[in-house]
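Colleague: I'm new to this one, could you walk me through it?
Modeller: Gladly, here it is.
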Amino acid sequence: MSKLTTIATTGAPAAIGPYAQAVRFGNLLFTSGQIPLGLDGKVVEGGIAEQTKQVFVNLEAVLREAGAGFDDVVKATVFLKDMNEFPVFNDIYASVFGDHKPARSTVEVARLPRDVFVEIELIVSIAGE
């Protein structure tokens with residue numbers, strides 16, 4: 001049985017609780033939900049567009065640390081504070097993934113950590129070593 005390997009990078013904000021930025025189990029990588037924090041740990045200013053872009057910056061750093069990229073994503077789970085913001089979010093999401101179309105769930109939630117507008121977690125397939 002494979003062991004969990006913790007993935008941590010200084011290229012994304014440190015976890016704000018008792019969890020890892022991501023864990024690898026065999027060839028699968030599970031990211032924790034990323035919210036729009038800058039490296040200073042503060043929520044980025046702006047609306048859904050600015051916050052979504054920051055979440056993807058953070059996720060890219062975590063993926064890179066694990067030896068993966070957005071083309072390796074098999075499933076994305078998205079939490080939005082307001083589903084009315086979905087079109088703006090979706091345009092940015094589409095620009096990040098391009099022709100790659102992972103499975104995705106998107107749900108509206110009552111509240112997110114630090115009252116942000118978006119949180120995203122990923123499941124990623126990493127090529128064997």
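Modeller: What follows covers a pair of helices and then the nonpolar cores.
Modeller: This is a predicted model, in which local features need pLDDT of at least 70 and side-chain atom pairs count only at pLDDT 80 or more, while totals for chains, interfaces and linings use all residues. Residues are numbered from 1 along each chain as its sequence is written, and side-chain values use heavy atoms, with hydrogens and water left out.

Colleague: How do α1 and α2 cross, and within what distance?
Modeller: The axes of α1 (residues 48–65) and α2 (residues 86–97) cross at roughly 30° and come within 9 Å; axes are lines fitted to C-alpha atoms, for helices over the stretch in contact, with angles from 0 to 180 degrees between N-to-C directions, and helices are DSSP runs of H or I with at least four residues, strands runs of E with at least two, numbered from the N terminus. That makes α1 roughly parallel to α2, a term for angles under 35 degrees.

Colleague: Which residues of α1 and α2 meet?
Modeller: I48, A49, T52, K53 and F56 of α1 meet V88, F89, I92, Y93, V96 and F97 of α2, where contact means heavy atoms within 4.5 Å.

Colleague: Switching topic, how many residues has the largest nonpolar core?
Modeller: That core has 27 residues, and I120 and L122 have the most contacts inside it; such a core is a set of buried Ala, Val, Leu, Ile, Met, Phe, Trp, Tyr and Cys residues joined through side-chain atoms within 4.5 Å, buried meaning under 20% relative accessible area with a 1.4 Å probe, protein chains only.

Colleague: Which element gives the most to this core?
Modeller: Helix α1 does, with seven residues.

Conventions
Angles under 35 degrees count as roughly parallel, over 145 as roughly antiparallel, 65 to 115 as roughly perpendicular and the rest as oblique. Buried means under 20% relative accessible area, exposed over 50%, partly exposed in between (1.4 Å probe, protein chains only).
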